[in-house]
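Keep the picture open as you read.

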Amino acid sequence: MAKACQVLGLTFQEIDTDQYDRILPSALAEVCQQQVPIAVVLTAGTSACGEIDPLSECIQICQAFDCWSHVDAAWGAGLVLLEQYQPLFCAVADADSLTIDPHKAFSQPKPCGLLLYQRPLQPLFAIDANYLEHPPKQTLPGSFGGELFLPLWSSLMFSGVADLRKQMQHRLQQAQCFAEFLTSQPYWWHHQSPTGIICFRPSADINLDDLVTLGLFSKAKVNNKTVYRCVFASQAAQATSLITALEPFC
């Protein structure tokens, strides 16, 4: 976002967040009162923690100040398949635009991504090119054809939504199992997000960097502190293998 604003000559304004990187609605309202932004980008599945911004409150603030609200649900959109999480996404219907990455949320090939708009954008991108025999397509630069959604369509046709829901449930069950193991470790801190990302920090004398090198975990910053991070993004991810790798350090 910061780089895009720099290219466009716009000012990028970060909004204060809580300790798990969720936007504080009060901070958003304060910024809007000082100067109404062109757009506000909310997140359903933050990169580090996998947390979800308070979408309903923030979108209401955007509507009150008449600014564009965009929801980045590239990672967290898969939760909409599970009934217990659907209330978290009710407010998304009121957002001006929405990003979904089926390659993250539904285990599809990487080029499969969606950018959805509440209302047509064609008037904004219309180009008067009557000097050309074939006018340019009225699409966003970087857009691809519908053939990239063939894998998702095939998954839905052959396996159905129920199979995608089952995959999501499996990933969250594995995340829950891993979180329960971390809870049992004295002096270990951890945070479990609703989207299958778990951040944790062992006691001060334990270094897990070798496991990061092996690709079992990654590192992230949470509340300005470096933590280890585990993402349950694949059907192949099994909590038992991660627990086995950590047991020598417990």
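**How the helices pack**

H7 and H9 cross in a right-handed way, where right-handed means that the near helix is turned clockwise from the far one by less than a right angle, and left-handed means anticlockwise. This is a predicted model, in which local features need pLDDT of at least 70 and side-chain atom pairs count only at pLDDT 80 or more, while totals for chains, interfaces and linings use all residues. Residues are numbered from 1 along each chain as its sequence is written, and side-chain values use heavy atoms, leaving out hydrogens and water.

Two packed helices are described by the angle between their axes and the distance between the axes. Here an axis is a line fitted to C-alpha atoms, for helices over the stretch in contact, and angles run from 0 to 180 degrees between N-to-C directions.

For H7 (residues 160-183) and H9 (residues 239-246), the axes come within 9 Å and cross at roughly 25 degrees. The two helices are therefore roughly parallel; that label covers angles under 35 degrees, while over 145 is roughly antiparallel, 65 to 115 roughly perpendicular and the rest oblique.

Now follow H7 to its neighbour H6 (residues 150-158): their axes come within 5 Å and cross at roughly 105 degrees. That angle makes H6 roughly perpendicular to H7. Ser155, Leu156 and Phe158 of H6 touch Gly160, Val161 and Leu164 of H7.

Another pair is H2 (residues 25-34) and H3 (residues 55-64), whose axes come within 10 Å and cross at roughly 10 degrees. H2 is therefore roughly parallel to H3. From H2, Pro25, Leu28, Ala29 and Cys32 meet Glu57, Cys58 and Ile61 of H3.

Finally, step back to the domains: an automatic or database assignment divides the chain into domain 1 (1-152) and domain 2 (154-247). In domain 1, 26 residues are in contact with 27 residues of domain 2.

Definitions and conventions: Helices (H or I, at least four residues) and strands (E, at least two) are DSSP runs, numbered from the N terminus. Contact means heavy atoms within 4.5 Å.
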